[in-house]
Structure formats: structure tokens, C-alpha cells
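Subject: Structure handover

Hello,

Here is the structure for your files. My notes on what turned up follow below it.

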Amino acid sequence: MSLSLGDTDVSIGETPDGRRLLIRRRVDASADAVWDVLTDTERWPDWGPSITAVDAPTRYIAAGTTGRVKTVAGLWVPFEITTCENHRWTWSVAGIPATGHVVESRPTGSVVGFEIPLLASGYAPVCARACGRIAALADRA
């Protein structure tokens, strides 16, 4: 089953972390340009609708990077990057496994996406909005 939220496709599929809600959007930019946007903590508030600030020891994430994000509610919440390789990264937020972030190369452009635990499916519209913002940022790079 698949449905669309504007330019973004939503489906359920298998990921390295099990069955997840998959949010995907085609991007005209290269996979490397999209990956740069996704892994640059200084840009997270530009594309993440629920994040207003980031405090991290390095600008670009890697597996094991820890820090904290400020939410739209004004709360600072700790995070840890749990995996970061092959154009896919995952994290835990406040100790809870959260979204996966992926980029897939295509012959023309790429696809950016999120992998959401099924119990957090209400977060899909936020991720769909983030996909659009990431696409716009990567297209300008």
C-alpha cells in the first residue's frame, strides 16, 4: 500500500531496523548533496520542522555523535547517532529509537527519505514537510 502527501510518497516497508513507515521524495540534486544537508547539524533547523537549534560537538555527524536538539516546544532533548553509513543514519532521541534518514542515488538526482517506527506514524506529515525542505536546500547547493 502506498499513498502520497503532495510530492512525497508514504508506504510501509522493511528496513534494517524492521517494518517502518517510509516517507520518500524525489530530489533533483545528487545523493551527495542531499547527504550533506542531512548530516550537517547546523542545517537541521533549516529542514527539521520540530527542531529549532542543535548543540553538537561536531558540525557533521558520525555513528556515536551525541548532542542535544531544541524542540519547537523549547525543550532541549539529548540525541545519539546510532548508525551512519552508506547514505543512511539513525538516531535515538531521549534514549528512544527514532527516525532513520536515507538518501538513494538515482540516474537523475536522488531520493530522500525517513523511516518512522509504525507507532509514530502520526509524525509522517512532519517528515513529509522535512523532505520538501531538504529537497529545496539540496537543489540550491
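A residue counts as buried when its relative accessible area is under 20%. The model is a predicted one, and His-101 has a relative accessible area of 2%, so His-101 is buried by that cut-off.

His-101 and its surroundings

His-101 lies in strand 8, which covers residues 96-105. Its side chain makes a polar contact with the side chain of Thr-99, at 3.5 Å. Leaving aside residues up to four places away in sequence, His-101 touches Leu-38, Trp-47, His-87, Arg-88, Trp-89, Trp-91, Gly-113 and Phe-114. One of these, Leu-38, is a buried residue of helix 1.

The strands on either side

Strand 8 pairs with two other strands. With strand 7 (residues 88-93) the pairing is antiparallel and runs over 5 bridges. Thr-90 stands opposite Gly-100 of strand 8. These two strands make a hairpin with 2 residues between them, and Ala-94 in the turn has a positive phi of about 55°.

With strand 9 (residues 110-117), strand 8 also pairs in the antiparallel sense, here over 6 bridges. Val-102 has Gly-113 of strand 9 as its bridge partner, and Gly-113 is also among the residues that His-101 touches. The hairpin of strand 8 and strand 9 has 4 residues between the strands, and Gly-109 takes a positive phi near 85° there.

The nonpolar core

Which residues touch the most other members of the largest nonpolar core? They are Ile-23, Trp-44, Trp-47 and Trp-89, in a core of 35 residues. The elements that give two or more residues to this core are strand 3 (18-27), helix 1, helix 2 (44-47), strand 6 (76-85), strand 7, strand 9 and helix 3 (124-140). Helix 3 gives the most, with 9 residues. As background, nonpolar side chains tend to be buried together in soluble globular proteins.

Two of the core residues named above, Trp-47 and Trp-89, are also in contact with His-101. For Trp-44, again not counting residues up to four places away in sequence, the contacts are Val-37, Leu-38, Thr-39, Ile-51, Val-54, Ile-61, Val-69, Phe-79, Ile-81, Trp-89 and Trp-91.

Helix 1

Helix 1 (residues 31-39) is mostly covered, with 7 of its 9 residues buried. The buried ones are Ala-31, Ala-33, Val-34, Trp-35, Val-37, Leu-38 and Thr-39.

Regards

How values were computed: Residues numbered from 1 in each chain as written. Predicted model: local features only at pLDDT ≥ 70, side-chain atom pairs only at ≥ 80, totals over all residues. Heavy atoms only, no water. Buried < 20%, exposed > 50% of the residue type's maximum accessible area, 1.4 Å probe, protein only. Polar contact = N/O pair within 3.5 Å; in protein donor to acceptor, adjacent residues only side chain to side chain. Contact = heavy atoms within 4.5 Å. Pairing = 2+ DSSP bridges. Core = buried A, V, L, I, M, F, W, Y, C linked by side-chain atoms within 4.5 Å.
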